[in-house]
Amino acid sequence: MSKSLDGYVKRLTTMTADENSQEVYEDWAPAYESSMVGEYGYIAPRISVDLFSSLVTDTNAKIIDLGCGTGLVGVELVKRGYRQIDGLDISENMLAEARSKGVYRDLIQANMTKPLGIPRSYEAAIGVGCFGNGHVGPDHFEDLIGTVATGGVVVFYMNGIPYEQDDYPRHFRALEERGVWRVVTLEQSNYMQTLDRPGWLLGAICGGVGNAD
Ligand SMILES: C[S@@+](CC[C@H](N)C(=O)[O-])C[C@H]1O[C@@H](n2cnc3c(N)ncnc32)[C@H](O)[C@@H]1O
C-alpha cells in the first residue's frame, strides 16, 4: 500500500460540507475507472455486491443503483445474474459512461440531496461511494431508503472519514428506532487495494416507514 492520494480523489476527499462534487465528476468521468480501478485498486463495488447477492436471492428483483457513476456496480450486479437495474446519478457525464455499459434498464439524473420523489417501487437499493462532503449526507439516508418496498434490501458502502466525522452510527440507530430499517450487517473493510482506505459496508431490511409515505 505505497500509493498516496492525488488528483481528483484527493480533491473529492478533502471537500467541505458546503461544496458540491458535480463539476469534479463531470470532468473526471472518462478517466474515472482507469484512475479508481487501475491506479487505486478500487473494489467497493465488488465488496458491496458480494453482500447484496447474499441478501437479495431473486435475480429478477427491481434494483436501483444510487450514485451509479460510470456503472461499476451495475456491471457487478449483471455478473451475478441481476437484470432489472436502474441507475441514478447527478452527473451527466458519469451517466453517459454508465449508459455505454448497456447494463441499466433506465438511467435517472437526480440530486440525492433533494427529495427524490421516487415511490417504494424497488425491491432493493444499492449505493456505493456516494456519501460524504460534496456528495450525500446522513440526513438523506431516509429518502434513499424510501425508494425500497417494505421488506426490501438496502446496501450502502461508505467512506470511513465521513462515517466517523458525521457520526453515521447515530443516524443509523435513529432510523432503526423509528422502524425505517433494520440493519443486518455493518462491517469495516479496506476498499482501495493500493491504499490504506477504510470504509463501512451496511446491509439493511427496509421497514416501510418514513419519508416516502
Ligand atoms: C465515487 S463515485 C461512485 C460511483 C459508483 N457507485 C462506483 O462505486 O464506482 C460517486 C458518485 O456519486 C455521484 N453523486 C455525488 N453526489 C451526488 C448527489 N448529490 N446526487 C446524486 N449523485 C451524486 C457522483 O456523481 C458520482 O458518480
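The following legends describe close-up views of a predicted model.

**View 1. Helix H6 has a buried side and an exposed side.**
Helix H6 spans residues 92-101, and its buried residues are Met94, Leu95 and Ala98. These three lie on the same side of H6 because they cover an arc of only 95 degrees around the axis. An α-helix has 3.6 residues a turn, so residues three or four places apart point the same way. On the other side of H6, the exposed residues include Glu92, Arg99 and Ser100. The buried residues of H6 are covered by elements including helix H2 (22-28), helix H3 (32-39), strand S2 (84-89) and strand S3 (106-109). Just after H6, glycine 102 adopts a positive phi of about 70 degrees.

**View 2. An open sheet is formed by 7 strands.**
The order of the strands is S3-S2-S1-S4-S5-S7-S6, and the pairing is mixed. Strands S3 and S6 (181-190) are the edge strands, since each of them pairs on one side only. From one strand to the next, the twist averages 15 degrees.

**View 3. Strand S4 pairs in parallel with S1 and with S5.**
Strand S4 comprises residues 122-128, of which 6 of 7 are buried. Strand S1 (residues 62-66) is joined to S4 by 4 bridges, and aspartate 65 stands opposite isoleucine 126 in S4. Between S4 and strand S5 (residues 148-159) there are 6 bridges. Glycine 127 has phenylalanine 156, in S5, as its bridge partner.

**View 4. Strands S6 and S7 pair in the antiparallel sense.**
The pairing of S6 with strand S7 (residues 198-206) extends over 9 bridges. Threonine 185 has glycine 203, in S7, as its bridge partner.

**View 5. The largest nonpolar core holds 43 residues.**
In soluble globular proteins, nonpolar side chains tend to be buried together. Within this core, the residues that touch the most other members are Tyr32, Tyr42, Phe52, Ile63, Leu77, Ile126 and Met192. Helix H4 (residues 44-55) gives the most to the core, with 5 residues. Another core, of 29 residues, lies apart from it; among its members are Cys130, Phe131, Phe156 and Tyr163.

**View 6. Tyrosine 32 is shown with its contacts.**
When its neighbours within four places in sequence are left aside, tyrosine 32 is in contact with Tyr25, Val37, Tyr42, Thr70, Leu72 and Met94.

Methods: Residues numbered from 1 in each chain as written. Predicted model: local features only at pLDDT ≥ 70, side-chain atom pairs only at ≥ 80, totals over all residues. Heavy atoms only, no water. Buried < 20%, exposed > 50% of the residue type's maximum accessible area, 1.4 Å probe, protein only. Helix = DSSP H or I, 4+ residues; strand = E, 2+ residues; numbered from the N terminus. Arc of directions from axis to C-beta. Contact = heavy atoms within 4.5 Å. Pairing = 2+ DSSP bridges. Axes fitted to C-alpha atoms, helices over the stretch in contact; angles between N-to-C directions. Core = buried A, V, L, I, M, F, W, Y, C linked by side-chain atoms within 4.5 Å.
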